Amino acid sequence: MVMGKWMDHLTEVLPEKQVMTELADRHSYSFDASFGEYMPEAVVQVKNKHEVASVLKLANEYKVPVYPRGSGTCLSGGPLPVHGGIVLDMSQWPEEIDVHADDLIVYVSPSVRTGDINQAAEAYGLMYAPDPSSAHVATIGGNLAENSGGPRGLKYGVTKDFVIGLEVVTPEGEIIKTGGQTIKNVTGFDLTKLIVGCEGTLGVITEATLKLMPKPPAVQTLMVSFDDVRVAGQAISKTLTSGILPSKMEFMDQPCIQAVENFRPAGLPVEAAAVVIIELDGRPEAINVEKELVENIMKEIGATRTTVPETGEEAERIWHARKQVSPAIAKIKPTKVSEDATVPRSKIPDMLDRLNEIKEKYDVEVVVFGHAGDGNLHPNVLCDKRDQEEMERVELAVEELFQAAIDLGGTLSGEHGIGTMKAPFMESELGEAGLDMMKRIKDSWDPNNILNPGKIFPEKGQKLVLRNE
């Protein structure tokens, strides 16, 4: 790439203040919430689709890598500029949320915070169901790129299940529309679903049409304690095969419980080996019946205690405690490797056993929490990245963790994406032919490989690296 030329042209197609090349600015965009730092040559803050198109046309002409980025909360290295080039900052885009309540849809710009979409929908008695833990800071553009999930994914699905239309700028700078405004739409290939979850490797999303749904009139929380982690896993499958479908079903092991209580006490049972937190939603009469059924199931399977909060404030305290897990466990050790290997629900007890074996084998600290109702566990390896020997053991433990999930019929990622962190393991799950088919799709969309190169598809000899080598 001829850097001088493309850099000069950038300031011709965009206002100068939207192009940042100072070292301090570039360093601010060299990392995300995962591992690794990579310095871009320039950071471009785009504010409309025509600016995106201009940048991509220029980048495609000069074969300059472009890395779309939202709030940088990604846990898999999705926006990292691993080959330099341009970071395309979408976070400064004017925020737009346009609710069409009668059609149960909302139009949003890519910079909107995900939690704000649900807040806007609630004014009409509706909800936007996907609820990743980072919804208060993450942008919807990032959620669309990663196909984010959240606790409500158990009952309602993940981001892709709520996207019916997109406006996208292609790697060659063309503006296209996919899908539309209707729930049923089978006109040609489903490019909408292809773009959602592609991690910015096929196009840059500039607008999304999302599906809304009526907000359930009532909710009920239950917190169930167990003195055996495996029994807690069995209780999840037992509940889901009984005909009850909770909106949320979350799991926390004892180290998580104790970390939260040390961090910000919430009255969790620190003596429990694990807790399962359940939320039922729907009509009050149905919830009352389901609550009794769940209590009976938990008693039969061997739960030590079921707590049913009597007020909304008590329930909120329990859910707030669940959200405190991530900051709480960060107090145990300064570095945490947050993973989200996902297995079939019936295999949760087996995955918990495998995690315990990995913990002992590599002498690493592993805590487990997550959306256990859909098999989406979040094993977190707690460590200190300054300790090179420990980080080497952590790398081996994470590799084995991924393999354990695949062996049990699961997947590398339930909601965090692949990015740089999991690219080396893609062939283990998909096989050589499966991965090659994905690569052929990428090549046809982006023949010059300018959009988010170095993600999803492993480069020759690429390995998981968590150390500063």
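1. Two strands count as paired if DSSP finds at least two bridges between them. Strands (E, at least two residues) and helices (H or I, at least four) are DSSP runs, numbered from the N terminus. The model is predicted: local features need pLDDT of at least 70, side-chain atom pairs count only at pLDDT 80 or more, and totals for chains, interfaces and linings use all residues. Residues are numbered from 1 along each chain as its sequence is written, and side-chain values use heavy atoms, with hydrogens and water left out.

2. An open sheet of four strands has the order β1-β2-β4-β3, with mixed pairing. β1 (19-20) and β3 (66-69) are the edge strands, each with a single partner strand, so one side of each has no neighbour in the sheet.

3. The pairings can be followed strand by strand. β1 and β2 run antiparallel and are joined by two bridges; M20 has V43 in β2 as its bridge partner. V43 in turn has V87 in β4 as a bridge partner, and β2 pairs with β4 in the parallel sense over four bridges. β3 and β4 (residues 86-89) are also parallel, with four bridges, and R69 stands opposite D89 in β4.

4. In a regular strand the side chains alternate between the two faces of the sheet. For β2, both faces are covered: A42 and V44 on one side, and V43 and Q45 on the other, are all buried (under 20% relative accessible area; exposed is over 50% and partly exposed in between, with a 1.4 Å probe and protein chains only). Helix α3 (residues 49-62) lies across β2 (42-45), β3 and β4, at about 170° to β4. Angles run from 0 to 180 degrees between N-to-C directions, and axes are lines fitted to C-alpha atoms, for helices over the stretch in contact.

5. S91 is in the loop between β4 and β5 (97-100). Its relative accessibility is 25%, so S91 counts as partly exposed. Leaving out residues up to four places away in sequence, S91 touches R69, G70 and S111 (contact means heavy atoms within 4.5 Å). The C-alpha atoms of S91 and P214 are separated by 29 Å, the two residues being 123 residues apart along the chain.

6. T170 lies in the loop between β8 (163-169) and β9 (175-179). Is T170 buried or partly exposed? T170 counts as buried because its relative accessibility is 10%. Apart from neighbours within four places in sequence, T170 is in contact with L56, I176 and L202.
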